[in-house]
Amino acid sequence: MAQVPANFPRAYVEFLSTVDDELRETVLMAMKQSVADGLHGILVNSRVAHHRQAEVSEAVPYGQVIDAVH
């Protein structure tokens with residue numbers, strides 16, 4: 001399990017604590033990019049059953065996570 005950096009927003013840390021290890025690794029990569037840029041938050045979605053993705057999204061304010069199903 002990857003270590004969560006100390007500079008992560010609270011919402012990121014809280015979200016990571018609610019997901020399984022596989023999704024955690026996926027989301028963690030997007031969160032690191034978000035923190036590096038400091039501009040946008042994270043959108044977690046599912047385009048196919050049982051396959052979830054995470055991305056930095058301009059539609060989400062920095063420091064927030066939206067878990068949506070498409």
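Visitor: In this predicted model, is D67 buried, partly exposed or exposed?
Guide: The relative accessible area of D67 is 42%. Since buried means under 20% and exposed means over 50%, with partly exposed in between, the class that applies to D67 is partly exposed.

Visitor: With which residue does D67 meet in a salt bridge?
Guide: The criterion asks for a side-chain nitrogen of Lys or Arg within 4 Å of a carboxyl oxygen of Asp or Glu, and the N to O value for the pair that includes D67 is 2.5 Å. D67 lies in strand β3 (residues 65–67) and its partner in strand β2 (residues 51–61), so the pair ties together parts that are 15 residues apart in sequence. That partner is itself partly exposed, with a relative accessible area of 32%, and the residue is R52.

Visitor: What separates R10 and E14 within helix α1?
Guide: R10 and E14 form a salt bridge, their closest N and O atoms being 4.0 Å apart. Of the two, R10 counts as exposed at 67% relative accessibility, whereas E14 is partly exposed at 46%. Because they stand 4 residues apart in helix α1, which covers residues 10–16, the separation is about one helical turn.

Visitor: How many salt bridges does the count come to?
Guide: One of them joins R10 to E14, and D67 with R52 forms another. By the rule applied here, the count comes to 2.

Visitor: How far apart in space are P5 and M31, C-alpha to C-alpha?
Guide: P5 is placed in the segment before α1 and is partly exposed, with a relative accessible area of 26%. P5 and M31 are 26 residues apart in sequence, while their C-alpha to C-alpha distance in space is 10.0 Å.

Technical notes:
Residues are numbered from 1 along each chain as its sequence is written. This is a predicted model: local features need pLDDT of at least 70, side-chain atom pairs count only at pLDDT 80 or more; totals for chains, interfaces and linings use all residues. Side-chain values use heavy atoms; hydrogens and water are left out. Helices (H or I, at least four residues) and strands (E, at least two) are DSSP runs, numbered from the N terminus. Buried means under 20% relative accessible area, exposed over 50%, partly exposed in between (1.4 Å probe, protein chains only).
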